[in-house]
Amino acid sequence: MIRTQTGLSFSDTGLTTDNRAPNLSQVLCCGALEPWRGDQYSPRPPKSALKKSVDLIPDQKANLHRLWTVPRHCEMTLNRLFSNSRTGIFWLFESLGSALAISTKADRMDDFLQQQEKAPHQSADLRKITWNHLLFGSNRMKRTCTSLMLAGSLLAGGQAMAGDLLQWQNNSLTYLYGKDFQVNPRIQQTVTFEHADAWKYGDNFVFVDKIFYNGKEDSGVGSNTYYGEISPRLSFGKIFDQKLEFGPVKDVLLAMTYEFGEGDTESYLIGPGFDLAIPGFDYFQLNFYQRHTEGSRPGDNVWQITPVWSYTIPVGDSNILIDGFMDWVVDNDKNSKGTYHANLHFNPQIKYDLGKALNIGEKQLYVGVEYDYWSDKYGIKDSQYFKTDQSNTSFLVKFHF
């Protein structure tokens with residue numbers, strides 16, 4: 001499959017996500033970590049849910065800044081509030097700011113109380129150190145990431161009420177069947193729902209995988225599990241109404257991702273994103289993320305580089321679409337819970353537009369394969385005793401609606 005990870009293109013739509021497979025307890029025996037589900041940095045659902053690309057209609061790819069010209073349905077009162085004024089946007093930002101302030105204050109107080117319990121009679125110098133930690137500590141960073149992602153989600157949610165904010169959207173269901181997975185059970189089936197959209201100030205990508213293990217249960221989660229990601233991006237070019245173009249760069253964005261799943265899987269990613277104009281490609285994105293794990297597992301504060309792409313090749317009366325992503329984690333991390341190793345996850349899909357060939361609709365029904373290469377899967381170093389280098393191919397069927 002192709003999320004995902006993370007993001008859409010502004011002037012070219014489409015996205016891909018990665019199929020993250022849940023982690024197993026086998027991970028523990030390698031000193032890798034505890035079973036974390038659905039995270040490239042913490043074992044997550046299998047590659048089968050790698051959804052980072054969405055196939056969009058040509059006029060959507062032509063100009064994402066152009067508003068829809070199709071007639072709209074009658075709007076409710078809230079719709080008029082958002083579409084006829086900026087009150088709704090200001091209200092969303094005000095609500096977000098209040099939530100962030102409350103969240104940060106609560107976080108500081110929790111940490112302070114923990115410090116007080118450990119050292120109720122600490123010196124003035126130690127108190128200064130404590131407050132510096134409260135102001136600049138990792139917990140606050142995580143809360144800030146969450147709030148920023150909440151901002152993108154809240155503003156994107158205004159699309160439902162303010163049609164003029166929405167530029168395009170696409171939904172799809174994908175079925176995958178594959179063998180020769182590593183770490184998790186060898187045979188897997190995955191059903192994935194994906195949503196992608198572009199709006200006035202950025203784009204959003206969401207996917208949820210439901211993964212079924214055939215023949216053998218996963219020791220950590222049983223016969224099935226789930227994993228998902230929410231990936232909003234805010235476009236500086238759109239927000240400031242300025243062209244931020246230089247060289248191959250078409251736009252500069254703030255890219256974010258929230259990863260969730262079964263068990264201890266939550267992670268927050270944030271960093272700069274770039275939309276690139278590369279000849280021949282439908283779209284090409286390059287996102288840089290710093291990962292922040294929820295909890296104490298390894299894999300915190302490591303950098304990930306994620307290119308996402310789509311390329312169309314005309315074939316007879318139809319097309320072949322090659323899209324996908326690559327997650328390259330360039331750092332190692334080690335703590336009392338174990339070691340997280342740098343890893344590389346390459347996940348392209350090759351799909352034939354069967355719907356166009358059968359004259360039942362272009363870019364609606366695809367069949368094809370997904371290749372998944374993942375070195376040191378889940379950040380577990382491959383060894384002769386526990387193999388974590390994964391290379392397999394899955395059959396797929398994808399329907400857009």
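## Salt bridges

The predicted model holds 8 salt bridges, each a side-chain nitrogen of Lys or Arg within 4 Å of a carboxyl oxygen of Asp or Glu. One joins Lys398 to Glu194, with the closest N and O atoms 3.2 Å apart. Lys398 sits in strand E16 and Glu194 in strand E4, so this pair ties together parts 204 residues apart in sequence. Lys398 is buried at 1% relative accessible area. Glu194 is also buried, at 1%. Here buried means under 20% relative accessible area, exposed over 50%, and partly exposed in between (1.4 Å probe, protein chains only).

Arg291 and Glu259 meet at 2.7 Å, N to O. Arg291 is in strand E9 (residues 281–293) and Glu259 in strand E7 (residues 249–261), 32 residues apart. Arg291 is buried at 0%. Glu259 is buried at 0%. Arg297 bridges to Asp264, with the closest N and O atoms 2.8 Å apart. Both lie in loops: Arg297 between E9 and strand E10 (303–315), Asp264 between E7 and strand E8 (267–276). Arg297 is buried at 1%, whereas Asp264 is partly exposed at 27%. Asp203, Arg233 and Asp275 are linked in a salt-bridge network.

## Fold and surface

The protein has 8 helices and 16 strands. These are DSSP runs numbered from the N terminus (helices H or I, at least four residues; strands E, at least two). Of its 401 residues, 51% count as buried. The accessible surface is about 17500 Å², with 61% belonging to carbon and sulfur atoms. Areas come from the Shrake-Rupley method with a 1.4 Å probe; for residues, only the protein chains shown count as cover.

## Nonpolar patch

A nonpolar surface patch covers about 800 Å², and its residues include Leu173, Tyr177, Phe193 and Phe401. Patch residues have over 30% relative accessible area and no salt bridge; like charges are joined within 9 Å, nonpolar side chains (Val, Leu, Ile, Met, Phe, Trp, Tyr) within 5 Å. Strand E3 gives the most, with 3 residues. Tyr177 lies in E3 and is partly exposed at 31%.

Most residues other than glycine have a negative phi. Asp180 has a positive phi of about 70 degrees. Asp180 is in the loop between E3 and E4 and is partly exposed at 40%. Asn359 has a positive phi near 60 degrees. Asn359 lies in the loop between helix H8 (354–357) and strand E15 (365–375) and is exposed at 72%.

## Conventions

Residues are numbered from 1 along each chain as its sequence is written, and side-chain values use heavy atoms, without hydrogens or water. In this predicted model, local features need pLDDT of at least 70 and side-chain atom pairs count only at pLDDT 80 or more, while totals for chains, interfaces and linings use all residues.
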